[in-house]
Each structure stands twice: as structure tokens, then as C-alpha cells.
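Hi,

Here is the structure I promised to pass on. Could you look it over alongside my notes below?

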Amino acid sequence: MSKCRNILSTALLVCVTLATAWLHGDTGNLRPPAVPLVAVDPYFSIWSPANRLTDTETVHWTGKPHPLHLMVRIDGKPFRLMGAEPLAVPAMPQTKLEVRPLTTTYTFEIETARFHLDFITPFLPDDLNTLSRPATYLFVKFEALDGKEHDLEIYFDAGAEIAVNTPDQSVVPSTLKQTHKQPEMNIKTLAVSCSEQNILSKKGDDIRIDWGYFVLSVLDTTKESYDPRKGGNLEARNSLHPGLPQLVDLSARNGDIARKEFAASGKIETLLESQEKYQVDKTKLAMVTTWEIKNVESFDIFPILLAYDDILSVRYFGDNLPAWWRKDGKTTKDLVWESWNVIFYLDFHEKMADFENSFFADLKAVGGPDYARLCALAYRHALAAQKIVADVNGMPLMFSKENNSNGCMGTVDLMYPCGPLYLYYSPAMMKATLQPILDYAASPNWKFPFAPHDIGTYPHGTGQVYGGGEKSVQNQMPVEESANMIILVAALAVAE
């Protein structure tokens, strides 16, 4: 007994030590095993699996390259802030990382300057339209630490790998002309799409989307624009900071060449050879954008918008269903317009801040600051593994995907641990999650007197695939799944 107790004590000590290192790291910051950057849904999902954002290339949750790069030139001297390429360009030291339920913030610093990168995914649980919109914003903030004005050049690119399952596939870049008109916003948008649009043709776990449109959108701040954080017109903005960031370039380029040219001179000269379609691994195609700002001490750069319109999201038995935001016939242009439009309202930013402040206050009161930080990461994980769609009657359905497992869709023993989150923040999400399993269990397809394990392999919800599937009771999970469903339905009844 004493030996067992000693072994248990040692094991607990190791676990506590590892957990403490994971939470604090050497610099007193949260350092998750992978940091959510664009964690929106099972397909639109980009992470940084490293201590620092410049240590490695960013990846899809499956580990396949989904590269994002960001560089700056301060008075002509280049630095990397995101991505491992080009290796010849020095990485600016990363001093802080913070993961909140809606935001991931990196801080970088040298003697003369500090940069903040904010990746914002507005997972507001009481707003299904915003929650289901597949969009993430990247804000870049600059401040001089030496009290002097500096010339600043900024480079960002997103690789076309994000629009294909494998990099040997080809893509077609296109310019998206905005049909909505508002004088305060001059939107510039590029998109890339797989040249073969086989919508919902694949299912499985280690799969990336290769249909729909991956979008990079920016504001052309050479013209009068509102500041999405402070409001106001050009004159009001100039009274806060001298000068505006000038959009220099937004185009499809060879990313490897573009990064090297920008690092060397701040200019990107080499154009892509004109082709009908571009094989990703051969052409290194990326969507590239650059800005320049002269003589500034500080600046909040207008956000970069990253979005993905998958056109159709899941197959639910006989129906191919769109994402919830698309339910009224909305298009990629609507996605871009609404994503920009919402951040131009100050109450949206107040809602974001109120939610995050309340989230941390509630969870710190229960388990302390480390517990609250773990829960913030869990919130991002839980929602990034879901897709909210509209059924044929225009009602919301919410489907989970088993990631790094077998790709099961709508798994009961995955929705169960997410249940407290949904019940606390949005019973509507809980109902949308339970409905597909209840419908499936009541259908002639399910002949067993216990709850199903799943409804298919993502994104095909066409019948259970785990264990004996619909054919036999072998390797089923009748007690666990039935108990989970009974508890969740009862909890939903109480919550409502």
C-alpha cells in the first residue's frame, strides 16, 4: 500500500509539474500544445504548434501545412512575426501569448518597437448568425518604444494550401468585386478555390476541404474609411494618429518569392506566370497583401479578414445542407460584406469585451485564474469542432466532428462533455446538437433500443459507422450513449 501511495504521489507530482509548465512556461505565459489562430470549424482550422509563432509554419489541425506569414520592415529592417520563412529574416522576439475565449494575442518586442497580433473569432453564443459565420480577423498593432517616428511596411500572405485537401491539387485565384455599397468602406477581396469543385465528395478524419472559396479581404485605406475600433471619419482618425496605412498590394503571387522580395526591398516585383489554374505545390501560390505607413509612433492597423465559404457544409441523409449564415440564399459576397459590416459597430466590440470579461470573472471565481485560462482554450476547442447548419425547414442543427479519431459526426459521447458549455451559454445550441441524434434514433434506420453513437463520418451524416453500425449490436455503446442522451435531454428541459 505504501509503495502504491508513493507511486501515485509521484505520478500526481509529475502531472502537476507538467500542467504548471504548460500553463506558465518559462516566461509566465499560457503555452498550449497548439495555439488557435483561425479555429472556426473542422475544415477552416489553422493553428500554431510551437512555443513561438515564428518557430514553425502554421498548420491545419491535422498537421498539414496551412501557411500564414506576417513580416514587418521598420525603417527598412525586416522581421518575421508569423511563420518560419524566410529563414534569413530574423524573428522578432515574442514576449507574450494570451488565449481568451474569442481572441488569441501575441506580443513581439525589440528595443525600439512593440507589435501585437490579435486573432479574433467572434464565437458569441447568443448570436447564431455571428457564431456560424466562418470568419476570423487579424488586427496588427504597432507602438514605438523610443519616442520616435518610424517608417513601417507590413506584409501578410495566406497559402493556397488552405483551399485544397493535398498540395498537388490546383486552384484558381479570383478577385471578388463587392456589390454592396457603403462610402465609408472600400473593400478589396481575393479568393482562391480548388479547380475541381467536388462539393461534399469526401468524408473521413484526415481530410481538408477542397471545395468552396477561401477569402482574404482588406480595406483599401488609401480612401476614406471608418476605424472599426474607434469609429469616426478620416479627419477624426488623423487627429488620433498622423497618417493612415496605405494599401500597396493585394494579389496572388508565388509566396516564396514574394516574401524574399519584400524582406529585401519592401517591394514585390515578380508576377505569377498567367495560367488557367495553378498547382499549389509547384507554383507556391499565396494571396499576398502589403501596406506602408510613414512617420508614425503608433498605429492600429485595419484588420485583415480571413473567411471560408464552403457553399454546402454537410450531407444529412438525403439533404445537402448549407451553413446557418447561408440559409437565406446568401453568397460569398454577403459573407465578406457582413463580416466587415459587423465590426464597424462599437456595440459589437463591447459585446466581445463583455463576454470575455464575464467568462473570466465567472471561471476565476470557481477555480482560479489557471482554471479560467484552461476553460478559455477548451471553449475554442469545443466550438471549432462544430458546424452549425440550417435544415430543410430553416432550423439550426449543430454537428460535431471527431478530430484525430475516426472522423465520426454528431458523436454522443463528444456532445456530452460539451453539454455544460451549451447549457450555460445557449440552450439553443444544445437543442441544435441533440436534434440530429433524436431524429436518427426515431427513424426506421435505427432499430436498436438504445441511443446511437454517431450519425456518420463527417461531413456525411448518413447513418452510424462506429462498431456494428446499423447492422449489429457488436461493439456498440448502449449504456454510455443512452445515459448521455437522457442526462442531456433532462438538463435541456431544466435549462429551458
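First a definition: I call a residue buried under 20% relative accessible area, exposed over 50%, and partly exposed in between (1.4 Å probe, protein chains only). By that rule L200 is buried, with a relative accessible area of 0%.

Keep in mind that this is a predicted model, where local features need pLDDT of at least 70 and side-chain atom pairs count only at pLDDT 80 or more, while totals for chains, interfaces and linings use all residues. Residues are numbered from 1 along each chain as its sequence is written, and side-chain values use heavy atoms, with hydrogens and water left out.

The overall picture: the protein chain has ten helices and 25 strands. Those are DSSP runs numbered from the N terminus (helices are H or I, at least four residues; strands are E, at least two). Of its 496 residues, 56% count as buried. With contact meaning heavy atoms within 4.5 Å, residues 24 or more positions apart account for 68% of the contacts that have a separation of 6 or more.

Now the sheets. Strands count as paired if DSSP finds at least two bridges between them. Three strands make an open sheet in the order 1-2-3, with antiparallel pairing. Strand 1 (35–39) and strand 3 (59–60) are at its edges with a single partner strand each, so one side of each has no neighbour in the sheet. Strand 1 is joined to strand 2 (residues 45–48) by four bridges, and the two run antiparallel; A39 stands opposite S45 of strand 2.

Another open sheet has five strands in the order 5-4-10-16-14, again with antiparallel pairing. Its edge strands are strand 5 and strand 14 (246–254), each of which pairs on one side only. From one strand to the next the twist averages 20° (angles run from 0 to 180 degrees between N-to-C directions, and axes are lines fitted to C-alpha atoms, for helices over the stretch in contact). Strand 4 and strand 10 (residues 150–159) pair in the antiparallel sense over seven bridges, and the bridge partner of V72 in strand 10 is I154.

D75 lies in the loop between strand 4 (68–74) and strand 5, and at 47% relative accessibility D75 counts as partly exposed. There are cis peptide bonds to look at too. The bond from E85 to P86 is cis, with omega near -5°, and P86 lies in the loop between strand 5 (77–82) and strand 6 (94–99). Y458 and P459 are joined by a cis peptide bond with omega about 0°; P459 is placed in the loop between strand 24 (456–457) and strand 25 (460–461).

On to T189, in strand 12 (residues 187–194). T189 is buried, with a relative accessible area of 3%. Its side chain has a polar contact of 2.8 Å with that of S217 (a pair of N or O atoms within 3.5 Å; within protein, one must be able to donate a hydrogen and the other to accept it, and residues adjacent in sequence count only if both atoms are side-chain atoms). Leaving out residues up to four places away in sequence, T189 touches S174, T175, L176, V215, L216, S217, L250 and V336.

Then there is F360, in helix 7 (residues 346–384), which is buried at a relative accessible area of 13%. Its C-alpha atom is separated by 8.9 Å from that of C375, 15 residues apart along the chain. Not counting residues up to four places away in sequence, F360 touches V99, R100, P101, A372, R373 and A376.

Last, a helix pair. Helix 9 (residues 427–441) and helix 10 (residues 478–495) pack at an angle of about 145°, with axes 11 Å apart. The contact is made by P427, M430, K431, L434, I437 and L438 of helix 9 and M485, L488, V489, L492 and A495 of helix 10.

Cheers
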